[in-house]
Amino acid sequence: MSSLTAQLDAQYMARALQLARKGLYSTHPNPRVGCVIVRDGEVVGEGWHVRAGEPHAEVHALRQAGERARGACAYVTLEPCSHHGRTPPCADALINAGVARVVAAMQDPNPSVAGQGLTRLAAAGIAVASGVLEAEARALNPGFLKRMEHGLPYLRAKLAMSLDGRTAMASGESQWITGPAARAAVQRLRARSSVVLSSAQSVLADSARMTVRSAELGLDAELSALAESRPPLRVLIDGRLRLPLSAPFFQAGPALVITAADDDPRYKAAGHELLRLPGSDGRVDLTAVLPALAARGVNEILLEAGAGLVGAFAQLGLIDEYRLFVAGTFLGSSARPLLDWPLARMSEAPRLKITGMRAVGDDWQITAIPLPPGHV
């Protein structure tokens, strides 16, 4: 491959990724995918996947291209599907359109595809390539990829803290540590997630609803409408069913309650669902939570809870990413800590890699991922 071809491939794939990001808030449980069709150096078709059950990115791009797709090159951020799901195979649509070349950012880890789409295209005489901007493509769909590759959703923990690492006063008062821009960023994290997960203790203490507040998203009209059309499932871990059905959380709409208690028909009557998982002493076994949600097609979870639940998930090594919102204030030594995770020695301290840091209004957002145990 010439350097010019490689450069053009990267350029058009970058545009396809830009299109795919438009589906950040709406494609669950499907991946976010974009497609660009180029013929004789001209973009003749573009598309992106909007919602599950609707046409995939390739179909939208082919419709726009029409007859100009014949002999063209299609750039797709994920290998075209080769199986019948809710929609027909995209590989067949590309073959029937007569494209000459298909470039995928990465192979689809879905066992129903897993290279078969590219194989079908090649068997039809279409030139295929894969691996163009693959890292960027993977970063766009962390939850879908983890669910397909490991049978688990991607767990992102959101925490807001002061400069001295505290999250609330000793009394539990915590509103608001951070400012409006940080709160808007949190709303966008909620909107992109399949599930917003919290604990009965946190929801009870804050009278929280855990909903997406559209007015605070800070998105354009198109993306705001998409975010509103697919709100995340609100999930509560409540081992003993302590949170009353009169709480604002339950009044805000249907929710899933994960518990270790016996079934209570009042929840179903109120429009909610109970999911009983293994547990002891009224506590849910957290290792059972993520596989159970993955089985429901959950890709990304936003964990918004207090030091206890976040600390418990952290100690089990189940958190994939931390989003820390840091405010320019001190709460003092009697305030509550970030995590309930007692450590006795420096050798026990887990290491994290900071992958991003940026100002959000008057606050800072830090993105960090846990490193494997023993990492120096």
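Two strands count as paired if DSSP finds at least two bridges between them. In this predicted model, strands β1 and β3 run antiparallel and are joined by four bridges.

**The five-stranded sheet**
- The sheet is open, has five strands in the order β2-β1-β3-β4-β5, and shows mixed pairing.
- Its edge strands are β2 (42-48) and β5 (127-130), each of which pairs on one side only.
- On average, neighbouring strands of this sheet are turned by 15° against each other, direction ignored.
- Strand β3 covers residues 73-76, and within β3 Tyr 75 is the bridge partner of Val 36.
- Helix α4 (residues 116-123) lies across β4 (101-104) and β5. The helix runs at about 155° to β5.

**Arg 39**
- Arg 39 belongs to strand β1, which spans residues 34-39.
- Arg 39 has a relative accessible area of 32%, so it is classed as partly exposed, the range between under 20% for buried and over 50% for exposed.
- Leaving aside residues up to four places away in sequence, Arg 39 touches Val 44, Glu 67, Arg 68, Arg 70 and Ala 72.
- Leu 204 lies 165 residues from Arg 39 along the chain, and their C-alpha atoms are separated by 58 Å.

**Glu 222**
- Glu 222 sits in helix α9, residues 221-229.
- The relative accessible area of Glu 222 is 39%, and therefore this residue is partly exposed.
- Not counting residues up to four places away in sequence, Glu 222 touches Lys 22 and Trp 48.
- Lys 22 is 200 residues from Glu 222 in sequence, while the C-alpha to C-alpha distance between the two is 9.1 Å.

**The largest pocket**
- The largest pocket holds about 1,400 Å³ of space.
- Its lining consists of 50 residues, and Ser 198, Ser 199, Ser 202, Ala 305 and Gly 306 are the ones nearest the pocket centre.
- Elements that give two or more residues to this lining include the strands β6 (154-162), β7 (166-168), β8 (195-199), β13 (283-284) and β16 (336-337).
- Helices α7 (180-192), α8 (200-206) and α13 (307-315) also give two or more residues each.
- Helix α8 supplies the largest share of the lining, six residues.

Note on methods
Residues are numbered from 1 along each chain as its sequence is written. This is a predicted model: local features need pLDDT of at least 70, side-chain atom pairs count only at pLDDT 80 or more; totals for chains, interfaces and linings use all residues. Side-chain values use heavy atoms; hydrogens and water are left out. Buried means under 20% relative accessible area, exposed over 50%, partly exposed in between (1.4 Å probe, protein chains only). Contact means heavy atoms within 4.5 Å. Axes are lines fitted to C-alpha atoms, for helices over the stretch in contact, and angles run from 0 to 180 degrees between N-to-C directions. On a 1 Å grid over the protein atoms alone, a cavity is a set of points where a 1.4 Å probe fits but cannot get out, and a pocket is an open set with protein on both sides within 12 Å along at least five of seven lines; lining residues have an atom within 4 Å of a point. Grid points are joined across faces, edges and corners, and a volume is the space filled by probe spheres set on the points.
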